[in-house]
Amino acid sequence: MARPGHFFGFFEVPCSMTLFQQLLIAIVQGITEFLPISSSGHLILIPHLTDLPDQGPLIDVAVHIGSLLAIILYFRKDVMGLARGGFATVGLGDDPVQRRLFLWVLAGTIPAVVAGLFLKTNGYMEGFRTTDLVATNLIIFGLLLGAADYWGKQTKSYEDLTLRDAVLVGIAQAFALIPGTSRSGATMTAARALGYSRFESARFSFLLAIPAVAGAGLLAAFDLAELSSEMQMDALLTGAFTFVAALLTMVFLMNFLRKASMLIFVIYRVALGCVLLAVF
C-alpha cells in the first residue's frame, strides 16, 4: 500500500518511487509529450490502470523538464537563433529576424503563464486530475486536431510567424494546462488551422514549449529543494529517463510528419477517450 504523500507548495508528491515506476512514467511521458495525445492525461491514467500510487504533479514537472532538454538538443540551431534574438532585443547584437521570432515566441508564452499562475494559486490543478475530464478532452481536442489537419493549408513556415499567430497558438497552449488536451496537440491544431505545414507546426509547438516548461520547472525548483534526498533522486532519475525516451520520440515524429497526416493520432485519441468513458 502506498504511503501518504506530503505537500510542498502547490504539489503533492509520493514518498518514494520504485525503479519500475520511474521507467514507466519516463517512457509514457517521453512518448506522449511530443505525440499530440496528451502526456499529462496519460500520466494521470497510470495510477488508475496499475496499482502504483499517483506520482503527483511535481514528478510530472520533472519529466517535462526531461522533455525540455530533449527539445533543446534536437532544435539546438533554432534555440541558438532564439538566444541571438534575445541578446539582440536587449541591444547585444543585431539580428532583426531572430529578434522578431524571439519576441513572438515570448508573446506566445504569456497566455499559458498567466493561466498557469491563476490555476495554481487558486488551487484548481488537483481538481483537473480526473479520468472523465481526460477522456472528454482526448475526444474533443482530438476531433479539433483532425479537422485542422484535414482542412488546414500548408503554406506557412516558422519563419513566417506573426504576432497574431503567436498569440493565437499561445492561447491554444494555455488550454493544454487541462489534462487530456495535449500541449503539442493544441498548439499543432492552432498552427495547422492558421496554415502552417505539419512539420512547421510541430517545430513551432516545441520551440514555444521551451519558455513555458522552463517556467514550470523554475516554479517547481523551490518545492524540490524542500524534499528529502530520496525524493529529489526520484525526480532527477525520472527526468533523465524521460530525456532519452523523448529524444527518440521526437526524431520519429519529425520524420513522420514530413510524409504523413495526423489521422492516426486522432483515431487513437478518440478511441482511448471512448474506452475511458466506458470503463471509468
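**Exercise 1.** In this predicted model, at what angle do helix H4 (residues 76-89) and helix H5 (residues 96-121) pack, and how far apart are their axes?

*Solution.* Start with the numbers. H4 and H5 pack at an angle of about 95°. Their axes lie 7 Å apart. Now apply the cut-off: 65 to 115 degrees counts as roughly perpendicular. H4 and H5 are therefore roughly perpendicular to each other.

Next, look at the contact. From H4 come Gly81, Leu82, Arg84, Gly85, Gly86, Ala88 and Thr89. They meet Gln98, Arg99, Leu101, Phe102, Leu103 and Val105 in H5. Sort these by class: the contact holds six nonpolar, five polar and two charged residues.

**Exercise 2.** Which residues of helix H11 are buried, and which are exposed on the other side?

*Solution.* Place the helix. H11 spans residues 263-279, 17 residues in total. From first C-alpha to last, H11 reaches 24 Å, close to the 24 Å expected at 1.5 Å a residue.

List the buried residues: Phe265, Val266, Arg269, Leu272, Gly273 and Leu276. Look down the axis of H11. The buried residues fall within an arc of 140°, so they line one face of the helix. An α-helix has 3.6 residues a turn, so residues three or four places apart point the same way. On the other side of H11, Leu263, Ala278 and Val279 are exposed.

**Exercise 3.** Does Arg129 count as buried or exposed?

*Solution.* Locate Arg129 in the loop between H5 and helix H6 (131-151). Its relative accessibility is 15%. Buried means under 20%, so Arg129 counts as buried. Finally, check Gly180. Arg129 and Gly180 are 51 residues apart in sequence, and 9.5 Å apart in space, C-alpha to C-alpha.

Note on methods: Residues are numbered from 1 along each chain as its sequence is written. This is a predicted model: local features need pLDDT of at least 70, side-chain atom pairs count only at pLDDT 80 or more; totals for chains, interfaces and linings use all residues. Side-chain values use heavy atoms; hydrogens and water are left out. Axes are lines fitted to C-alpha atoms, for helices over the stretch in contact, and angles run from 0 to 180 degrees between N-to-C directions. Helices (H or I, at least four residues) and strands (E, at least two) are DSSP runs, numbered from the N terminus. Angles under 35 degrees count as roughly parallel, over 145 as roughly antiparallel, 65 to 115 as roughly perpendicular and the rest as oblique. Contact means heavy atoms within 4.5 Å. Ala, Val, Leu, Ile, Met, Phe, Trp, Tyr, Cys and Pro count as nonpolar, Asp, Glu, Lys and Arg as charged, and the others, Gly among them, as polar. The expected span of a helix is 1.5 Å times one less than its number of residues. Buried means under 20% relative accessible area, exposed over 50%, partly exposed in between (1.4 Å probe, protein chains only). The arc is that of the directions from the helix axis to the C-beta atoms.
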